[in-house]
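Here is a short briefing to keep beside the viewer as you look around.

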Amino acid sequence: MVDAGFCSANDPHPDSAVKLSDHLLSLIDRNNSADPIAKQFVPDPRELKIIKGEEWDSLGEEEKGAGNVLFQKYPNRCVLYVSTHCAAFCRFCTRKRRVEDEAKDAGNDYEAAFQYLRDHPEIDDVLVTGGDPLMLAPSKLEYSLKNVKSIPSVKCIRIGTRVPISNPKQLTDEHCRVIAENGVKFVNCQFNHPQEISPQTVEAIDRFKRFGISLNNQSVLLKGVNDSVETMRALCMTLYEVGVRPYYIYQCDLIPGLSHFRTTITKGRFIHSRLRGFISGVAIPFYIVDLPAGMGKVHCTRDNFVEFAPDITNQGEGVAFDTSINPTLEYPVRKFFNYQNKSFLYDEREFCPNDIEDTARMLYNGIS
Ligand code: SF4
């Protein structure tokens with residue numbers, strides 16, 4: 001990174017690992033200090049700023065499970081971590097706590113994880129993730145998938161990966177065969193900017209498709225990367241064109257050191273509202289907030305909004321959501337209140353301090 005001129009050896013970097021692939025380096029425009037790919041992978045000293053409310057396991061994924069690799073987040077769903085490796089490290093990763101942490105590999109007990117699934121027939125949906133499952137040799141991936149598939153109560157297996165973006169050559173026919181033959185219903189990718197959809201990436205997408213594998217995209221809304229109507233429209237339409245369904249736009253999670261990436265939900269709703277009517281309906285993803293501490297995902301649609309402060313410049317009070325689960329938790333946010341005993345206040349001034357002015361500008365201008 002230092003040799004490539006992306007940062008100085010003296011920059012204060014967080015202790016999370018840094019990794020970029022040759023493929024991503026080839027896509028970065030080094031003359032553009034705002035390059036959207038560089039922003040996702042090159043460390044930024046602002047990562048050292050940790051604000052109140054941020055947590056390494058902000059989604060509360062690791063509270064209930066087995067074998068140090070399987071965790072049950074919802075009554076019917078769980079995540080299975082099969083790798084701590086990735087082709088490149090995303091600065092805004094939700095699972096930084098596990099990525100490239102060899103200690104997390106030690107003591108893993110996959111048999112205990114599979115037994116947990118057998119003992120909990122209410123779990124019918126397993127997300128196989130990491131790290132990145134496609135960093136595994138196909139035979140190792142097959143070991144996990146075959147075991148999960150053999151459990152009759154599991155009806156759906158999904159894989160989460162950024163390999164098609166970060167290092168598309170890593171994907172082989174053998175990976176695709178293993179995925180196709182072991183009951184995987186969807187592969188969920190994470191494209192965040194149209195510049196990531198390179199010819200090599202399109203080849204990888206085509207490879208999946210030749211094996212009949214369906215692809216969804218789950219982008220993260222990131223300040224300075226894709227927080228504009230124009231970029232999000234281009235991303236969704238290009239994905240649609242190459243055969244990947246734009247499925248989610250995620251609000252950036254409350255992971256430590258990410259406040260410079262985080263946009264306001266007000267802005268996210270604005271961008272999302274400007275997709276509808278301007279691009280094909282099937283190319284429009286859901287805009288989602290995954291609430292902290294296992295409270296679950298909520299759609300940022302009118303139905304989910306209990307309270308909304310449209311004028312964020314006027315000491316807005318943030319937004320509150322109905323959630324599908326009824327949480328009883330004390331989460332360390334500045335303001336938390338109950339609405340019919342199931343609400344969470346997302347305080348925009350607290351969580352996205354760097355995006356308030358930008359949001360006001362976008363709302364004032366009507367479009368960016
Ligand atoms: S590929 Fe996924 S797990 Fe790996 S660093 Fe990026 S977001 Fe995190």
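The protein has 12 helices and 13 strands, and the model you are looking at is a predicted one. Of its 368 residues, 42% are buried.

- Strand S3 (residues 77–81) and S4 run parallel and are joined by five bridges.
- Two places to look along that pairing are Leu80, which stands opposite Val128 in S4, and Tyr81, which stands opposite Thr129 in S4.
- S4 also runs parallel to strand S5 (residues 156–160), with four bridges between S4 and S5.
- On that side, Leu127 has Arg158 in S5 as its bridge partner.
- Further along the sheet, strand S8 (residues 245–251) pairs with S9 in the parallel sense over three bridges, and Tyr250 stands opposite Ile288 in S9.
- Strand S9 (residues 286–291) is mostly covered, with five of its six residues buried.

**Val126, a residue of S4**

- Val126 lies in strand S4, which spans residues 125–129.
- Is Val126 buried or exposed? Val126 counts as buried because it has 27 C-beta neighbours inside 10 Å, and the cut-off for buried is 20 or more.
- Setting aside neighbours within four places in sequence, Val126 is in contact with Cys78, Leu80, Val148, Val154 and Ile157.
- Val126 and Cys156 are 30 residues apart along the chain, yet 6.4 Å separates their C-alpha atoms.

**Around the ligand**

- Which residues surround the ligand? They are Cys86, Phe89, Cys90, Cys93, Arg95, Val99, Gly130, Gly131, Asp132 and Arg162.
- Sorted by class, this shell around the ligand holds five nonpolar, two polar and three charged residues.
- Two of the residues surrounding the ligand, Gly130 and Gly131, are joined by a cis peptide bond, with omega near 15 degrees.
- Gly131 is found in the loop between S4 and helix H5 (138–149).

- Helix H10 (residues 265–273) and helix H12 (residues 356–365) have axes that come within 9 Å and cross at roughly 35 degrees.
- The crossing of H10 past H12 is left-handed.
- H10 brings Thr266, Lys267 and Phe270 to the contact, while H12 brings Thr359, Met362 and Leu363.
- By class, the residues of this contact between H10 and H12 divide into three nonpolar, two polar and one charged.

**Ala180 in helix H7**

- Ala180 has its place in helix H7 (residues 173–181).
- How many other C-beta atoms lie within 10 Å of Ala180? There are 14, so Ala180 is partly exposed; a residue needs 20 or more to be buried and 12 or fewer to be exposed.
- Not counting residues up to four places away in sequence, Ala180 touches Phe211, Gly212 and Ile213.
- One of these, Gly212, is 32 residues from Ala180 along the chain, and their C-alpha atoms are separated by 7.0 Å.

**A backbone angle to check**

- Asn68 has phi near 65 degrees, a positive value in a residue other than glycine.
- Where is Asn68? Asn68 has its place in the loop between S1 and strand S2 (70–72).
- Asn68 counts as partly exposed because it has 18 C-beta neighbours inside 10 Å, a count that falls between the cut-offs for exposed and buried.

Conventions: Residues are numbered from 1 along each chain as its sequence is written. This is a predicted model: local features need pLDDT of at least 70, side-chain atom pairs count only at pLDDT 80 or more; totals for chains, interfaces and linings use all residues. A residue is near a molecule or strand if its C-beta atom, placed from the backbone, lies within 6 Å of it. Ala, Val, Leu, Ile, Met, Phe, Trp, Tyr, Cys and Pro count as nonpolar, Asp, Glu, Lys and Arg as charged, and the others, Gly among them, as polar. Two residues are in contact if their C-beta atoms, placed from the backbone, lie within 7 Å. Axes are lines fitted to C-alpha atoms, for helices over the stretch in contact, and angles run from 0 to 180 degrees between N-to-C directions. A crossing is left-handed if the near helix is turned anticlockwise from the far one by less than a right angle, and right-handed if clockwise. Two strands pair if DSSP finds at least two bridges between them.
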